[in-house]
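This report concerns a single structural model. Please consult the sequence and coordinates alongside the text.

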Amino acid sequence: MRRTTPLALTAAALLLAGCGSRQADTGSGGKASAPPSPSRSAGGCTGHAELTAADHGRTVCVAQGGELRLTLDGTRARPWKPVSASGTALRGINAGFVLRPGDATAAYRAVAAGTVRLTSSRPLCAEPTAPGGVSCKGIEEWTVTVRVG
């Protein structure tokens, strides 16, 4: 009996998922355009944004009145500092509970047009737990620019 590898199962699942999809005929030579996202405003800004550590360096646009929430997953040994916001276009709102030590969470409502820079940082490596262990002083930075439109 032959064993099926996880790669083969994944490929089969992707193939089957593609079989049921179909493109709408737009009358433009068979090319279909993606439907507009219901959460986007006329200016291309979103009404709700969720950010993580993977969004470092990005610029996002949030429509005025929209919400932005972020979660930076850290550890007890490498905790994120609380997120700071420079600018007045966002107002902090209740982010809920932080469930794990080292995480940083924040939530904002877009209250005025403008640009805000969100930042946080954490140690690049954990401090040694035993005497004589190797230590590093590196810092991992996290920055996202938020445009409120």
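## Basis of the model

The model is predicted: local features require pLDDT of at least 70 and side-chain atom pairs count only at pLDDT 80 or more, whereas totals for chains, interfaces and linings use all residues. Residues are numbered from 1 along each chain as its sequence is written, and side-chain values use heavy atoms, with hydrogens and water left out.

Helices (H or I, at least four residues) and strands (E, at least two) are DSSP runs, numbered from the N terminus. Strand E5 spans residues 104-110 and is mostly covered, with five of its seven residues buried; buried denotes under 20% relative accessible area, exposed over 50%, and partly exposed in between (1.4 Å probe, protein chains only).

Two strands pair if DSSP finds at least two bridges between them. E2 and E5 run antiparallel and are joined by six bridges. Strand E4 (residues 90-92) is also antiparallel to E5, through three bridges. Tyr108 of E5 is the bridge partner of Leu68, and Gly92 likewise stands opposite Tyr108.

## The largest nonpolar core

A nonpolar core is a set of buried Ala, Val, Leu, Ile, Met, Phe, Trp, Tyr and Cys residues joined through side-chain atoms within 4.5 Å. The largest such core has 21 residues, of which Leu68, Leu70, Val83, Leu118, Trp142 and Val146 touch the most other members. At least two residues each come from E1, E2, E5, strand E6 (114-123) and strand E7 (139-148). E2 gives the most, with five residues.

Contact means heavy atoms within 4.5 Å. Not counting residues up to four places away in sequence, Leu118 touches, among others, Leu68, Leu70, Tyr108, Trp142 and Val146.

Asp55 lies in the loop between strand E1 (46-51) and strand E2 (59-72). Asp55 counts as buried because its relative accessibility is 11%. Its side chain makes a polar contact with the side chain of Arg58 at 2.7 Å. A polar contact is a pair of N or O atoms within 3.5 Å; within protein, one must be able to donate a hydrogen and the other to accept it, and residues adjacent in sequence count only if both atoms are side-chain atoms. Leaving aside neighbours within four places in sequence, Asp55 is in contact with Glu50, Trp142, Thr143 and Val144.

Glu141 is placed in strand E7. Glu141 touches His56, Ser120 and Ser121, residues up to four places away in sequence not being counted. Between Glu141 and Pro123, the C-alpha to C-alpha distance is 8.9 Å, with 18 residues separating them in sequence.
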